[in-house]
Amino acid sequence: MKVSYHSLGCKVNLYESEAIVNQFIDNGFELGDFNDECDVYIINTCSVTSVSDAKSRKIIRQAIKRNDNAVVAVMGCYAQLKPEDIKGIEGVDVLVGTNNRHLLYPLVMKTIESKHGNTIVEDILSVKEYEEVKINRYNNKTRGFVKIQDGCDNYCSYCTIPYARGHVRSRKKEDVISEIQILAAHGMKEIILTGINTASYGSDFDGYDFADLLEDIVKKVKGKIRLRISSIEVTEITDKLIKVIKDNEEYFCRHFHIPLQGGADSTLKRMYRKYNLDFYKNKINLLRQYFPNVNITTDIMVGFSGETDQDYNDTLDFVRNIQFGDIHVFPYSRRPETKAYNFPDIVNNVTKQFRVNKLINVNEIEALKYRESFVGKTVDVIIEKVQDNIAFGHSSEYLEVKFTGDVKQNDLVKVEIIEAGYPLSKGVLV
C-alpha cells in the first residue's frame with residue numbers, strides 16, 4: 001500500500017508530517033507521490049491566515065478526487081481550530097487536531113478495516129504534556145528538522161497559534177538529543193531546531209532552558225553536524241544564550257531568524273509584542289558584535305489595523321537601517337479568533353498590497369547588498385541537489401549558492417562566492 005502527504009505552513013508541520021509518515025513506512029507502507037494515486041493521503045493543515053484555510057481545503061479536495069477509495073486523513077492547526085469545516089468535506093475519513101497525532105496510524109488502519117471514519121479533536125488548551133512523535137530518518141532530505149517544543153503563550157493580538165497549539169510544552173532533553181544522534185549517525189549534516197516558539201523551550205521546566213539544551217546537544221552528539229535555530233523571538237536572545245553559541249561557534253550556523261512583525265512602535269504595541277524598535281535594534285547590534293557577517297532574517301506583517309502611512313514609512317526606514325539578509329513579507333489577515341479582529345482603522349486591500357510590493361522591492365535591494373559582502377569570501381555549503389553537474393545548497397549563513405563541481409548530495413564543501421545574486425549566488429568549489 002502507498003501513503004503520501006502534503007504539509008502546509010511551517011517547519012513544525014513538516015517535521016510532524018515526516019514523523020507520522022515514518023510510522024506508516026515502518027509498518028510496510030511505500031512512500032508515494034501526493035500527486036499520484038495512493039491508498040492513504042495525509043494532509044497537515046495550516047491556519048495562520050484565511051488564505052491558509054482555503055489552501056488546506058483545496059488540498060484536501062484534491063486528494064479526495066485523486067482516489068475516492070483512498071483514506072484521507074487530516075490534522076494540524078486548521079483541523080484544530082475549525083474541525084466542523086473539515087467534517088463538512090465529504091471524503092475526509094480521519095480527523096485529528098494538533099494533539100493525538102501519534103494515533104493517526106492506528107486510526108487510519110481502523111478506518112481501512114471498518115470503513116468508518118474517526119475524529120479526535122480535543123481542547124488543546126487543556127493539554128499539559130508534550131506529545132512525543134519521533135523521526136528516525138528523513139525521506140530524500142539533506143537538512144533535518146528536530147522539533148523541541150510545542151505551543152505558545154505570547155498571545156499576540158493578531159495570532160491564532162496559541163488557540164491552535166495550546167500552551168508551551170517542552171520535549172524531554174533526552175528525546176531531543178537521542179533523535180539528533182540518530183540523524184547524525186545516518187549522515188545528516190545540518191539539524192534545524194524547530195518549534196512553535198522554539199526558544200521558549202524549558203519555560204515549563206524548573207531550572208533548564210533553551211541555552212542549557214544547546215550546550216547539552218554540543219556535548220553529547222557525536223559526529224560533525226551544524227545546528228540551525230529555525231526562529232527565535234528577540235526577547236529570548238539572552239546573554240547566556242549568546243555565550244553558549246559563541247563558546248561553541250563551530251557547531252552553529254551564522255544565521256538568526258528573528259521575527260519583527262511590525263516596523264513602528266505604535267504597531268508593535270497594538271500587536272501586543274513585548275519589545276520596541278530600540279530593544280530590537282540593540283539586540284541585532286549585539287549579535288553582530290559577537291558574530292560578524294551573521295545573517296539576520298525576519299518576518300514583517302504589512303497592513304495591520306491602524307497602520308498609518310507614517311507607520312509604514314517608519315518600517316521602510318527601519319528595514320534599511322537594520323539591513324536584513326532577507327524578509328518574509330506578508331499582508332495582515334484578520335482572524336475571528338483573535339483580539340485584533342475587532343480593532344478599528346482596517347487597512348484596505350489595495351493599500352495593503354501596495355505596501356507589500358514596495359517592501360518586497362526594498363528587501364530585494366537590501367538582501368542583495370548583504371550577499372555582495374560575501375564576494376571573494378569562502379563559505380561552507382551543504383549540497384542539497386545536483387542537476388546537470390551544477391550543485392545547489394545553502395551556506396551556514398543561509399545563502400543559496402550554485403556552482404559546478406564533482407560533488408554529490410549531502411556533501412559539505414567549501415565554496416568561494418564569485419557573483420552575488422538574490423536569492424541565488426554563484427560560487428566556485430575551493
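In which crossing, left-handed or right-handed, does helix 8 pass helix 9?

Mentor: This is a predicted model, in which local features need pLDDT of at least 70, side-chain atom pairs count only at pLDDT 80 or more, and totals for chains, interfaces and linings use all residues. Residues are numbered from 1 along each chain as its sequence is written, and side-chain values use heavy atoms, with hydrogens and water left out.

Helix 8 passes helix 9 in a left-handed crossing (the near helix is turned anticlockwise from the far one by less than a right angle; clockwise would be right-handed). The residues of this contact divide into six nonpolar, no polar and three charged (Ala, Val, Leu, Ile, Met, Phe, Trp, Tyr, Cys and Pro count as nonpolar, Asp, Glu, Lys and Arg as charged, and the others, Gly among them, as polar). On the helix 8 side they are F210, A211, D212, L214 and E215, and these meet K240, L241, V244 and I245 in helix 9 (contact means heavy atoms within 4.5 Å).

Next, the core. The largest nonpolar core has 80 residues, and F24, I42, F256 and I258 have the most contacts inside it (such a core is a set of buried Ala, Val, Leu, Ile, Met, Phe, Trp, Tyr and Cys residues joined through side-chain atoms within 4.5 Å; buried means under 20% relative accessible area, exposed over 50%, partly exposed in between, with a 1.4 Å probe and protein chains only). Helix 8 gives the largest share of this core, six residues. Leaving aside neighbours within four places in sequence, F256 is in contact with residues including I245, L287 and F291.

For another pair, take helix 1 and helix 5, whose axes cross at roughly 50°. These two are therefore oblique to each other. I20, Q23 and F24 of helix 1 and L104, Y105 and V108 of helix 5 make that contact.

How values were computed: Helix = DSSP H or I, 4+ residues; strand = E, 2+ residues; numbered from the N terminus. Axes fitted to C-alpha atoms, helices over the stretch in contact; angles between N-to-C directions. Parallel < 35°, antiparallel > 145°, perpendicular 65-115°, else oblique.
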